[in-house]
Amino acid sequence: MWADEAALDAAGRRLDEWESSLAERAERAKTLSARMRELTGTAHNTDRTVAITVDSAGLLIDLRLDERTRQQSAAHTARQILDTTRAARTDLLRQVRAVTVQSLGDDASSQAIIDSYRDRLAGDQGSSDVDR
């Protein structure tokens with residue numbers, strides 16, 4: 001009977017450790033989710049006439065145009081805004097990657113979260129700087 005009782009105790013300890021590990025991982029995921037909601041990505045173009053900030057979903061929350069943009073065509077400014085928005089999303093993805101790996105480690109579930117974010121940020125843009 002002693003061997004069966006010892007095996008039962010060992011199985012109970014393993015279950016307790018597994019439950020504790022799941023609870024700890026759930027708490028880390030909850031913390032990660034809160035941290036991710038606070039992230040923003042920022043970028044500016046090379047001549048610093050356009051500055052963009054996106055929220056944690058990659059949506060534009062701030063756009064700053066230097067007065068020098070008045071001296072260029074609207075089409076050129078529009079391209080700069082789009083390019084700078086992609087760069088801000090790339091900055092956001094870098095932060096998502098860092099926070100996720102820091103919180104959960106560098107494993108398959110972390111990579112799945114990062115890949116999901118990359119897909120959402122790329123949207124219908126196809127291949128972009130976000131893929132880097």
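Colleague: Which residues of α3 are buried?

Modeller: Please keep in mind that this is a predicted model. The general idea is to look at the relative accessible area of each residue, where a value under 20% counts as buried and one over 50% as exposed. In α3, the buried residues are S110, I114, Y117, R118, L121 and A122. Seen down the helix axis, these residues fall within an arc of 130 degrees, so they line one face of α3. The face turned away from that buried side carries A108, D119 and R120, which are exposed.

Colleague: How many residues does α3 have, and what span does it reach?

Modeller: Helix α3 covers residues 108–122, which makes 15 residues, and from its first C-alpha to its last it reaches 21 Å, close to the 21 Å expected at 1.5 Å a residue. After the helix comes G123, with a positive phi near 50 degrees.

Colleague: Let us turn to the sheet. What is the order of its strands?

Modeller: The general idea is that strands of a sheet pair through backbone hydrogen bonds, in either a parallel or an antiparallel way. Here the sheet is open and has 3 strands in the order β1-β2-β3, with antiparallel pairing. Because β1 (41–44) and β3 each have a single partner strand, they stand at the edges, and one side of each is left without a neighbour in the sheet. From one strand to the next, the twist averages 10 degrees. Helix α2 (residues 74–104) packs on this sheet and touches β1, β2 and β3, while its direction makes about 40 degrees with that of β2.

Colleague: Over how many bridges do β2 and β3 pair?

Modeller: Strand β2 (residues 50–54) and strand β3 (residues 60–65) pair in the antiparallel sense over 5 bridges. You can follow individual partners across the pair: V54 has L60 as its bridge partner in β3, and T53 has D62. The hairpin of these strands has 5 residues between them, and G58 takes a positive phi near 85 degrees there.

Colleague: My last topic is charge. Which side chain meets that of D107 in a salt bridge?

Modeller: The general idea is that side chains of opposite charge can pair when their charged atoms come close. By the rule used here, which asks for a nitrogen-to-oxygen distance within 4 Å, the count comes to 6 salt bridges. In one of them, the side chain of D107 meets that of R25 at 3.1 Å, N to O. This pair links distant parts of the chain, since D107 lies in the loop between α2 and α3 and R25 in helix α1 (residues 2–38), 82 residues apart. D107 is partly exposed at 31% relative accessible area, and R25 is partly exposed at 26%.

Colleague: And what separates R118 and D115 in helix α3?

Modeller: R118 and D115 are 3 residues apart in α3, so about one helical turn separates them, and their side chains meet in a salt bridge of 2.7 Å, N to O. R118 counts as buried at 15% relative accessibility, whereas D115 counts as partly exposed at 28%. In helix α2, R86 and D83 are likewise 3 residues apart, or about one helical turn, and they form a salt bridge of 2.5 Å, N to O. R86 is partly exposed at 25%, and D83 is partly exposed at 44%.

Terms used: Residues are numbered from 1 along each chain as its sequence is written. This is a predicted model: local features need pLDDT of at least 70, side-chain atom pairs count only at pLDDT 80 or more; totals for chains, interfaces and linings use all residues. Side-chain values use heavy atoms; hydrogens and water are left out. Two strands pair if DSSP finds at least two bridges between them. Helices (H or I, at least four residues) and strands (E, at least two) are DSSP runs, numbered from the N terminus. Axes are lines fitted to C-alpha atoms, for helices over the stretch in contact, and angles run from 0 to 180 degrees between N-to-C directions. Contact means heavy atoms within 4.5 Å. The expected span of a helix is 1.5 Å times one less than its number of residues. Buried means under 20% relative accessible area, exposed over 50%, partly exposed in between (1.4 Å probe, protein chains only). The arc is that of the directions from the helix axis to the C-beta atoms.
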